[in-house]
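Subject: Structure for your review, with notes on salt bridges

Dear colleague,

Please find below the structure I am handing over to you. My notes on its charged side chains follow.

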Amino acid sequence: MMKPFMEIEDWDRIGLSVAESAKRLQRIAYIDRQLMRIQAGHMIARPEYEIKGALGRMVWEDASHYDQFRNRCKQMRMSTVAFDKCPDPFLERTMIKLLDSGNTLTLLTAMFEVIKPAQIEAIQDYLSLAQPIADYPTIHMLRHQLMDRENQVQWGLEAIRAISEQTNEEERTQAENWKACMKDYLLAAGGVNGLGERKELDPTLEVASTSFELPESSTRDSRFKKTVAKFTDVTFEDSDAGRFKRMMFTRFNEMTPAEAVACVHFASEGKPWLFYYDTARHLWDEIRHSWFGEAALRIHGFNIYESANWTGWYDMTQNLFSIEEAYTHLTIAIEKSAMKYPPGKREEWEFCRDVVKDSLMTTFQDFDWADEVVHAGFGQKWVIDHQYNGDSTQAQQAADLTSEKRNAFMARYANEGKETKNFFAGDY
């Protein structure tokens with residue numbers, strides 16, 4: 001005979017109550033939401049290019065985890081208003097300290113050797129206690145989350161080893177001291193689940209830190225040259241080959257709009273949760289698009305470090321636009337315009353498929369087009385509907401003003417590069 005309950009084991013375990021379950025999940029989720037914002041800020045601040053991309057992906061993954069917890073706890077009779085509140089001021093203090101990590105090695109060490117492993121431990125503890133039939137929806141969710149979380153930590157530990165090899169003994173010691181300090185903060189909060197013995201912070205483990213601030217301009221590691229104006233030292237022939245080359249470089253340069261979305265995400269206050277969820281996705285999409293270009297350039301034999309890397313989108317966001325203007329310019333002036341046909345995203349995909357006949361770039365442009373439709377929807381939701389109360393004319397007028405401001409800003413760099421007033425509609 002087959003076992004009962006679809007072979008679920010420990011089916012007679014009493015398990016946790018609904019209230020106990022929701023409380024534990026809320027604390028794990030609170031850390032996810034704070035990590036989401038911390039990773040967005042440090043994605044901009046950290047100069048190492050590979051670190052930027054990885055942190056951006058984790059912004060979206062941790063936002064997804066938080067959203068899953070939020071929906072599940074609502075099913076467990078915890079209102080979203082209650083869920084979104086900080087469950088413990090000591091946990092909040094811990095995450096503020098993490099935000100203030102002073103360099104890449106200290107950030108990664110704290111994230112991947114303290115905070116994220118502690119979340120995994122709390123999830124595993126939850127799974128060992130939950131009633132396996134009654135709370136199966138949560139168990140199913142957590143088992144799938146663990147794949148993301150364990151993959152993150154594995155990547156993080158490898159990144160720590162790589163960064164450590166490039167640092168001196170003093171910097172490695174600083175990272176170890178920061179790790180001990182972060183562990184002490186988490187212990188003082190009772191751990192992730194809040195059930196541990198709470199002790200006062202040990203003053204001998206405290207490490208002084210400076211409050212985190214976004215950089216005034218984009219950061220890049222020493223492999224890269226930076227440029228505020230686009231394409232300062234790369235030329236494109238007036239031909240199909242020249243257009244294709246420009247398309248690959250345009251995709252590759254989307255790390256700077258990714259940084260701009262990270263800035264919008266990090267600096268926006270008091271928005272509905274779904275705004276942060278959508279901008280987390282938007283941020284990760286822009287990084288993926290940058291990787292589209294990088295992959296295509298590498299395959300076609302280009303040295304991605306030879307030409308100056310465009311940083312103008314973030315520099316405009318930080319030094320020219322308000323946060324609202326930045327997102328209006330991106331989603332309405334640029335991405336909504338890219339929906340027009342021709343030229344637009346559909347025509348770019350057709351060009352790669354029918355003219356250049358490059359199979360990989362055709363796939364990339366196909367998904368780029370799909371993503372841009374999503375982003376135009378974000379513009380409709382958060383700019384037209386939310387910011388301008390559904391007045392698309394007013395939103396378009398605001399978008400046009402941002403384009404004028406961009407043109408004036410870029411005119412300052414006329415001697416540096418080739419960006420002019422006539423940047424392509426739908427082209428970053």
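The paragraphs below set out the salt bridges that were found.

Please note that this is a predicted model. A search across the whole structure gives 33 salt bridges.

In the pair D10 and R13, the side chains form a salt bridge with an N to O distance of 2.9 Å. D10 is partly exposed, as its relative accessibility is 42%. R13 is likewise classed as partly exposed, at 24%.

The second pair is R223 and D221, whose side chains meet in a salt bridge at 2.7 Å, N to O. Here R223 is partly exposed, having a relative accessible area of 33%. D221, by contrast, has a relative accessible area of 12% and is therefore buried, the cut-off for that class being under 20%.

E348 and K345 are both part of helix α13, which covers residues 344-356, and they stand 3 residues apart, about one turn of the helix. Their salt bridge has its closest N and O atoms 3.3 Å apart. K345 is buried, with a relative accessible area of 0%, and E348 also counts as buried, at 17% relative accessibility. This pair belongs to a network in which salt bridges with shared partners connect R251, E254, K345, E348 and D368.

Yours sincerely

Note on methods:
Residues are numbered from 1 along each chain as its sequence is written. This is a predicted model: local features need pLDDT of at least 70, side-chain atom pairs count only at pLDDT 80 or more; totals for chains, interfaces and linings use all residues. Side-chain values use heavy atoms; hydrogens and water are left out. A salt bridge is a side-chain nitrogen of Lys or Arg within 4 Å of a carboxyl oxygen of Asp or Glu. Buried means under 20% relative accessible area, exposed over 50%, partly exposed in between (1.4 Å probe, protein chains only). Helices (H or I, at least four residues) and strands (E, at least two) are DSSP runs, numbered from the N terminus.
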